[in-house]
Amino acid sequence: MSFIGKAWKVIVGIKDALVLIFMLLFFLALFSILSASPNPGQVRDGALYIDLSGFVVEERSKVDPLSTLLSGQAPPVEHQARDLVRALDAAAADDRIKAVVIDMSAFVGGGQVHLQAIGEAMDRVRRTEKPVLTYAIGYGDDQMHLAAHASEVWVDPLGGALIAGPGGTNLYYAELLDQLNINTRVYRVGEFKSAVEPYLLNGPSDAARENLASLYGAMWEEWQANVSKARPALELARVTSDPVAWIEASSGDLAKAALDAGLVDHLGDRVEFGTRVAEIAGADAWDETPGSYASSDLAPFLADVGPGTGSSSNNIAVVTVAGVIVDGNAGPGSAGGTRIADLLDETLKDDGIKGLVVRVDSPGGSVLASEEIRRAVERYRAKDIPVAISFANVAASGGYWVATAGDRIFAQPETITGSIGVFAVLPTFEDAAAEIGVTADGYRTTPLSGQPDLIAGLSPEVDAILQAGVNDTYADFLTRVAEARGMSVEAVDTIAQGRVWDGGTAHQNKLVDQFGGLEEALNWVANEAGLESDDWSARFLGSAPANYDSLIRQLVTSAAAPLVRSAPQDRGGDLFAMAARQRSVLMGQLTRDAQRLAGSQGIQAYCLECPAQPRAITPQETSGLIDLIGAWAAH
């Protein structure tokens, strides 16, 4: 009995110890989550400090805690454009805020529509006689788009600024695929549908090059017009026409060249910049570190001012279609067709919903997922609920497919849209198999038996059927656009064929009804629903990122969370460091291209010319790239 009693005491002791450990872990996790949440009580008199590390998006992606912790690397920080605009407008009216400071030392970029909206909000702050100051080590196009709207633009003396203009290169894999003996079978409709050209050619076709010249030319004109209007003293022609002569005139000193051309107003390090802000916003009473100043960070300030969507029981639902449109429940950050359709169907049950705005910022993707979203939107119109479509930076291919369900389409001149065309890609390996001595043979009862056969190759009948399916999908696309826009199918076809348009030309081509942003779309829906201007609220559908997002970021990196200011060693570097960061953009392009070729995808309505936002590379995406590289290495 004494042995049993002693054993029992040991078991009870172990149990008590485990309970204590689990309780400690529970309260530690609870404290961490609460401390990671933005605290409105942290807002004080001084400057509003916006650490713009990362990039600006329409919809913030949710951080996957497990994969993030296992990888030990947090995905890039994302700022929703509407949150930044809301913060700036609130700062303009808040007596506690004496100035706005935007730190762009580690800013990656964003779309022109978003940047222009933020810039206009900066202008509204300045009209209240509150200065807006920006600081960076290196300014590129996107940084300068925002900085042009600032009262004072500061750059580190070892940094500088360069304006490159839109454009660049895509990757082409035709020769690699030939060396691997991979037969890339492409089915497409649209002379300008260039999304498949990387697998067929070693460079853009003449049609694609023509489309790119027209599109990027229009985007460049818009950028120059917006920046020159905001910053008239900027010698833009000098900076862009002969950049080498401009830099050599300052003996290669990029910072002095930027100052000389009016790109920036002041040269100074972070301490000198902070000293200047302290003159405006006041000194920091709790921090005597050189360069410190009284300030409030963005997240607590947003928590303090609230969502700003109103409190009326009459709601206008806003659903976001952001990122590549894919089948299933993916997102936020990518547009899972099933997830978005379910959000819409669940909200449709609410009698308080008086209207709907579909906010699109997508280059397209899966036709099936696009159609799933379009049908869900149509169910609102079937109940006589007004529907507006609001285009952000990009609303092309599948993004425009979704838009055909709306009553009215709003876009901006900088919006990229159109790309009405479809394609499918199917690689087969009969030549590669034959080279290593593998053959495929058997018995077929019909021409379709065992097809599609990726090793033996496709039969002529299957090849014809697949192309017929793509042709029919394109015809459906034309019909949906024709019915939505009140045009003939033939008229739509002349402006379709996969061609991409800027927002201004799209408006001329009747693909867009009027210029305007999300606010204009909401007001139009409210008017159509017969609601008074003060008797409706915007209701954004979908779950907000969990509070543990910032906690996860803090666990894997010392300064990735937007709640804290980044340490100097984690900030962006000079122009060479900015160029080095393009490696992540390159890897993103490689993985997307490999996934499009090797992944299990159906017919696609996707726009190659549309710029993709930088984002985390998932293991699923990486697998396609690894498979392709492995095959090449084995060859």
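Here is a walk through this predicted model, one selection at a time.

**Start with everything**

Show the whole protein as a cartoon. You have 635 residues on screen, and 50% of them are buried. DSSP runs give 24 helices and 23 strands. Among contacts with a separation of 6 or more, 77% are between residues 24 or more positions apart.

Now colour by pLDDT. The mean is 85, and 81% of the residues reach 70 or more. Select residues 558-571 and you'll find pLDDT below 50, though the stretch still has 34 contacts in the model beyond near neighbours in sequence. Do likewise for residues 616-635: pLDDT stays under 50 here too, and the model has 32 contacts for them beyond four places in sequence. Take the placement of both stretches with that confidence in mind.

**The largest core**

Next, go inside. The largest nonpolar core has 53 residues, and the ones to select are Leu344, Leu356, Val358 and Phe391, which touch the most other members. Keep Phe391 and show what surrounds it. Beyond four places in sequence, its contacts include Arg359, Val360, Tyr400, Ala403, Phe410 and Val512. There is also a second, separate core, made of 51 residues; pick Ile50, Ala87, Ala121 and Val239 to find your way into it.

**Phe410 and Trp524**

The structure holds 7 aromatic pairs. One of them joins Phe410 to Trp524, edge-to-face, with 6.3 Å centre to centre and 65° between the planes.

Is Trp524 buried or exposed? It counts as buried because its relative accessibility is 18%, and the cut-off is under 20%. Phe410 has 0% and counts as buried as well.

**Along helix α20**

Select the rest of α20. Its buried residues are Leu518, Ala521, Leu522, Trp524, Val525 and Ala526. An α-helix has 3.6 residues a turn, so residues three or four places apart point the same way. To see what covers the buried residues of α20, show β11 (315-322), β14 (353-362), β16 (387-396), β17 and β22 (537-540), which are among the elements involved. Then step off the end of the helix to Gly530, which follows α20 and has a positive phi, near 75°.

**The parallel sheet**

Move over to the open sheet of 6 strands. Read across it in the order β9-β7-β6-β4-β1-β10, with parallel pairing. β9 (266-267) and β10 (295-297) are the edge strands; each has a single partner, so one side of each is left without a neighbour in the sheet. For a closer look, select β4 (residues 97-103) and β6 (residues 132-139), a parallel pair with 4 bridges. Within this pair, Val100 has Val132 in β6 as its bridge partner.

**Last stops: rings and charges**

Three selections remain:

- Tyr135, Trp154 and Phe273, which form one aromatic cluster.
- Arg82 with Phe540: the charged end of the arginine sits over the ring, 4.0 Å from its centre.
- Arg499 with Phe192: the arginine lies over the face of the ring, at 4.8 Å from the ring centre.

Key: Residues are numbered from 1 along each chain as its sequence is written. This is a predicted model: local features need pLDDT of at least 70, side-chain atom pairs count only at pLDDT 80 or more; totals for chains, interfaces and linings use all residues. Side-chain values use heavy atoms; hydrogens and water are left out. A nonpolar core is a set of buried Ala, Val, Leu, Ile, Met, Phe, Trp, Tyr and Cys residues joined through side-chain atoms within 4.5 Å. Buried means under 20% relative accessible area, exposed over 50%, partly exposed in between (1.4 Å probe, protein chains only). Contact means heavy atoms within 4.5 Å. pLDDT is the predictor's confidence in each residue, from 0 to 100. Rings of Phe, Tyr and Trp (its six-membered ring) pair if their centres lie within 6.5 Å; planes under 30 degrees apart count as stacked, over 60 as edge-to-face and the rest as tilted. A charge sits over a ring if NZ of Lys or CZ of Arg is within 6 Å of the ring centre and within 35 degrees of the ring normal. Two strands pair if DSSP finds at least two bridges between them. Helices (H or I, at least four residues) and strands (E, at least two) are DSSP runs, numbered from the N terminus.
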